[in-house]
Amino acid sequence: MLQLLKDKIINEGTVLPGNILKVDGFLNQQIDIALLNDMGREFSQLFAGCGVNKILTVEASGIALACITAQYFNNAPVVFGKKHKTLNRDASFYSTPIFSFTHNVSYDVTIAKKHLCADDKVLIIDDFLASGEAIRGLTDLVHQAGATLAGAGVAIEKGFQGGGDELRKDGIRVESLAIIEHMDDCAITFRS
């Protein structure tokens, strides 16, 4: 686990009601590029030798971490699932429903078929893992494309919500840089 990330969570994170961890000062509104660089390097070491040639995430908070991580995988393309329909959406796309714990809403996430194919070895990158729905949905998109999943790299996992453990039981390789076992307004405890 990345000690620098844990220190940032302790010193700059805020626990909000409903098991929400606010880390907008360094991870998803204002972004600490040096920290993301360290996290991307760590993911490259964890998934070294897996043949990753594509990075997959979902809009929007995972995009910055995915882009920086891609540099450590020979500048692999970053593809992100879109949560909203746009006028310029490709006619041919993969789609899967993903429930967002943070927003308490379900999205039909889409990826143009031309951006994900059977030859791809995909690494999913995301900022948070709570119930595991985002990674399950992105895994479904990988399978729809006939691509191979190398695994999922996650910045912060809320271990007490069980999503990561369930994904691991289902055979999905999940590598989290910080796993929180317990959090409240007084303290955050990490899994050792």
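A salt bridge is a side-chain nitrogen of Lys or Arg within 4 Å of a carboxyl oxygen of Asp or Glu. By this rule, the count comes to 12 salt bridges. Glu157, Asp165, Arg168, Glu181 and Arg191 are linked in a network of them.

The model is predicted: local features need pLDDT of at least 70, side-chain atom pairs count only at pLDDT 80 or more, and totals for chains, interfaces and linings use all residues. Residues are numbered from 1 along each chain as its sequence is written, and side-chain values use heavy atoms, with hydrogens and water left out.

**Charged pairs**

Side chains of opposite charge can pair when their charged atoms come close.

| Salt bridge | N to O distance |
|---|---|
| Lys8 and Glu12 | 3.0 Å |
| Asp32 and Lys8 | 2.9 Å |
| Lys169 and Glu166 | 3.5 Å |

Helices (H or I, at least four residues) and strands (E, at least two) are DSSP runs, numbered from the N terminus. Buried means under 20% relative accessible area, exposed means over 50%, and partly exposed lies in between (1.4 Å probe, protein chains only).

Take Lys8 to begin with. Lys8 and Glu12 are four residues apart in helix α1 (residues 3-12), so about one helical turn separates them. Glu12 is partly exposed, at 40% relative accessible area. Lys8 is buried, at 16%. Lys8 also meets Asp32 in a salt bridge. That pair links distant parts of the chain: Asp32 sits in the loop between α2 (24-28) and α3, Lys8 in helix α1, 24 residues apart.

Now helix α6 (residues 163-169). Lys169 and Glu166 are three residues apart there, again about one helical turn. Lys169 is exposed, with a relative accessible area of 64%. Glu166 has 39% and counts as partly exposed.

Most residues other than glycine have a negative phi. Asn19 lies in the loop between β1 (14-16) and β2 (20-22). Its relative accessibility is 33%, so Asn19 is partly exposed.

Asn74 also has a positive phi, near 55°. Asn74 is in the loop between α4 (62-70) and β4 (78-81). Asn74 is exposed, at 77% relative accessible area.

**Packing of α4**

Which residues of α4 are buried? They are Gly62, Leu65, Ala66, Ile68, Thr69 and Ala70. These residues pack against α3 (33-46), β3 (54-58), β4, β7 (121-129) and β8 (148-158); contact means heavy atoms within 4.5 Å.
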